[in-house]
Amino acid sequence: MEGIMIINGSPRAPKSNSKKYAELFAKYCTVPSEYFAITNKNHLELCRKMENYTHILFVFPLYVDGLPVTLMNFLKTLEEQSPKTKLQVSVLVNCGFIEPEQNNVAVKILQCFCKKQGYPFGSVLRIGSGEAILNTPLKIFAIWKIKQLATSVAKGKNRNLKTTMPLPKKIFIRASTNYWENYGKRNGITPAQMATMGIEEGSV
Amino acid sequence: MNLILSDRRIELPINNRSTEFIDLSGLQISNCIGCFGCWTKTPGKCVIRDDAVKVYPKIAESCKILYITKVKYGNYDTIMKTMLERSLPIQQAFIRLLNGETHHIQRAVAPKQATVIGYGNISNEEQEIFKQLVARNASNMCFEDYRVIFSHEDTLEQTVINEVTSWKE
């Protein structure tokens, strides 16, 4: 059976932007797909389910310029519990910075895993401004590229795509500051409190 | 202060009060859950109150720092990577331009002379990726200057001793 296993490697999978990106991918993909989130307990189950699919799409956020530990831990299990037939692996990675190129090293890390473990590599979509883009009218740029990724993965192509908010960086920074100030406001935290230089000061 | 952050126990001849060695493998540090609490609820403090909260203030404070980590697929292996992810409270949510790129504003983080020793059976490709990763980290982790050194596991201790000895000089 042809099918895509979408695996969310975000540590906050149920509330993650990665989940929203995965949903958009599934919506626009012409090949059947199924969504899974990595948890501490389901590594073996996910490895076993791989026998039922032809492709994997890893969806994850950039953490400290690389793969989040949630995904790294899963890859270590997958190394030990590899499916008999190696699936084609594609990637949808997002970072909060405006430059989608800041995701490049994370993609290389995943490509390195694939090369070492014998998984054919498929397509990549690198999203910049990924924390907020889906909450703005500029989401059309993300959706457009996700459609292209979905088509590429369905056809087994090797495309290297990227997208971000088409804004000058200074305007992006202003918009990002507003975004985070509103985030803090919802928690009763002022911009000045958020901008504290103190580390481990005050009460939790 | 000088800080040595290691993902394994290493016997080091340190009798220098200004240098602290932390063996992360002996600490209880759980994964960052990406809740943004340290930016938007309790700024500067992680809401998970495990051993990581004792470590990231020291990372922030250190002027000279040595990371000792196994390298996996060109990434930090998970012990070190978990600690790096849990160091998010030392940055603000807010973004600035740094060398023409967007990066988070740092809180009270001392500029650092950093050395990263990556160990294990590391292929040339993994070495190249890891060097690129550390170069990216330099912008996000306040490295004023940095070096990356690779070592096999069986020569790691001597590699670390050589590095720390050069600090004394």
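**Exercise 1. Find out where B:Thr40 sits, and whether it is buried or exposed.**

Let's start with the element: B:Thr40 belongs to helix H1 of chain B. Keep in mind that we're looking at a predicted model.

Next comes accessibility. The cut-off for buried is under 20% relative accessible area. B:Thr40 has 0% relative accessibility, so it counts as buried.

Skipping neighbours within four places in sequence, B:Thr40 is in contact with A:Trp180, A:Tyr183, A:Gly184, A:Asn187, A:Ile189 and A:Met194.

**Exercise 2. Describe the contact between chain B and chain A: how many residues does each give, and how much area do they bury?**

Count the residues: chain B brings 55 and chain A brings 52.

Then the area. The two chains bury about 4,700 Å² between them, and 61% of that is on carbon and sulfur atoms.

On to the charged and polar pairs. There are 5 salt bridges between chain B and chain A. One of them joins B:Asp77 to A:Lys76, with the closest N and O atoms 2.7 Å apart. Polar contacts across this interface come to 27 residue pairs.

Which elements of chain B take part? H4(B) supplies the largest share, 8 residues.

Finally, sort that side of chain B by type: 24 residues are nonpolar, 18 polar and 13 charged.

**Exercise 3. Work out why H3(B) can be called largely enclosed by the rest of the structure.**

Go through the helix and pick out the buried residues: B:Thr78, B:Met80, B:Lys81, B:Thr82, B:Met83, B:Leu84 and B:Glu85.

That makes 7 of the 8 residues of H3(B), so the helix is largely enclosed by the rest of the structure.

What do these buried residues pack against? From chain A there's helix H3 (69–80), and from chain B there are strand E1 (2–6), H2, strand E3 (64–72) and E4.

**Exercise 4. Name the residues that touch the most other members of the largest nonpolar core.**

The core holds 98 residues, and the ones you want are A:Phe25, A:Phe58, B:Leu5 and B:Tyr67. Helix H4 (residues 104–117) of chain A gives the most to this core, with 8 residues.

Zoom in on A:Phe25. Beyond four places in sequence, its contacts are A:Ile4, A:Ile6, A:Leu57, A:Ile146, A:Leu149, A:Ala150 and A:Val153.

Apart from this core lies another, of 11 residues, with B:Ile117, B:Leu156, B:Val160 and B:Trp167 among them.

Notes
Residues numbered from 1 in each chain as written. Chains lettered and ligands numbered in written order. Predicted model: local features only at pLDDT ≥ 70, side-chain atom pairs only at ≥ 80, totals over all residues. Heavy atoms only, no water. Contact = heavy atoms within 4.5 Å. Buried area = accessible area lost by both parts, 1.4 Å probe. Salt bridge = Lys/Arg side-chain N within 4 Å of Asp/Glu carboxyl O. Polar contact = N/O pair within 3.5 Å; in protein donor to acceptor, adjacent residues only side chain to side chain. Helix = DSSP H or I, 4+ residues; strand = E, 2+ residues; numbered from the N terminus. Nonpolar A, V, L, I, M, F, W, Y, C, P; charged D, E, K, R; others polar. Core = buried A, V, L, I, M, F, W, Y, C linked by side-chain atoms within 4.5 Å. Buried < 20%, exposed > 50% of the residue type's maximum accessible area, 1.4 Å probe, protein only.
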